[in-house]
Amino acid sequence: MQTTQYLGEIIKELNRTADFIADEEAEKLVNGILESKKIFVAGAGRSGFMSKSFAMRMMHMGLDAYVVGETITPNLEQDDILIIGSGSGETRSLVSMAEKAKNLGATIALVTIFPESTIGQLADIIVKLPGSPKDQSDNGYKTIQPMGSLFEQTLLLFYDAIILRCMEKKGLDSNTMFKRHANLE
């Protein structure tokens, strides 16, 4: 198969993922974000990269958003939300973060393949995304892509859709957000 044919197959897989995401779950996440004082995002590996891009767009919207572990990240408090992107919902470092956030009284949101996971049991808001786990064990969802690629790509696109919904609810447009884009380059 040629590279462009693989691209076409990946796009077909991504197109199918939207049908498996519950609007009610997504709307709970949107409301959780907009009702929170500060927003914290976390993820490991490629899911972490998707979370960082999500935090960046929230900053462009004027929301108080942070990436857990960065040097300028403030403390998490009771009126805040921690959004974790984790396919398995079992990554040790993320489980530890979720437990600490729970003890501090913050809202925990999980975007995952496995809502019944350890983090899922701690979460106040859960959004289930389709995809295969990194080990490609049989969970009923097939992909041609390696490891967790489909989940990670869907996570990025889902986060972008959340941004669009938040923009709609806040009455923002791209021009307004561009004013908050870095301009020191």
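Glu 9 is partly exposed, at a relative accessible area of 27%. For that wording, buried is under 20% relative accessible area, exposed is over 50%, and partly exposed is in between, with a 1.4 Å probe and protein chains only. Before going on, this is a predicted model, where local features need pLDDT of at least 70 and side-chain atom pairs count only at pLDDT 80 or more, while totals for chains, interfaces and linings use all residues. Residues are numbered from 1 along each chain as its sequence is written, and side-chain values use heavy atoms, with hydrogens and water left out.

Back to Glu 9. Its side chain meets that of Lys 12 in a salt bridge, 3.3 Å from N to O. A salt bridge here is a side-chain nitrogen of Lys or Arg within 4 Å of a carboxyl oxygen of Asp or Glu. Both residues lie in helix α1, 3 residues apart, which is about one turn of the helix. Lys 12 counts as partly exposed, at 47% relative accessibility.

How many salt bridges does a search of the whole structure find? The search finds 10. One of them joins Asp 80 and Lys 38, at 3.1 Å from N to O. That pair links distant parts of the chain, 42 residues apart: Asp 80 is in the loop between β2 and β3, and Lys 38 is in the loop between α2 and β1. Asp 80 is buried, with a relative accessible area of 0%, and Lys 38 also counts as buried, at 7%.

Another pair is Glu 168 and Arg 165, with the closest N and O atoms 3.0 Å apart. Both lie in helix α6, residues 149-170. Glu 168 counts as exposed at 54% relative accessibility, and Arg 165 is partly exposed at 28%.

In which order do the strands stand? The order is β2-β1-β3-β4-β5, 5 strands in an open sheet with parallel pairing. β2 (65-67) and β5 (125-128) are at the edges with a single partner strand each, so one side of each has no neighbour in the sheet. Two strands pair if DSSP finds at least two bridges between them.

β1 and β3 are joined by 5 bridges, and Val 41 stands opposite Ile 83 in β3. Another 5 bridges join β3 to β4, where Leu 82 has Ile 108 as its bridge partner. β4 and β5 are joined by 4 bridges.

Is β3 enclosed or open? 5 of the 5 residues of β3 are buried, so this strand is largely enclosed by the rest of the structure. Ile 81, Ile 83 and Gly 85 point one way, and Leu 82 and Ile 84 the other. In β4, 5 of the 6 residues are buried, so β4 is largely enclosed too.

Last, the helices on the sheet. Helix α3 (residues 45-60) lies across β1, β2 and β3, at about 160° to β1. Helix α4 (residues 92-104) touches β1, β3 and β4, and its direction makes about 165° with that of β3. Contact means heavy atoms within 4.5 Å, and the angles run from 0 to 180 degrees between N-to-C directions, using lines fitted to C-alpha atoms, for helices over the stretch in contact.

Notes. Helices (H or I, at least four residues) and strands (E, at least two) are DSSP runs, numbered from the N terminus.
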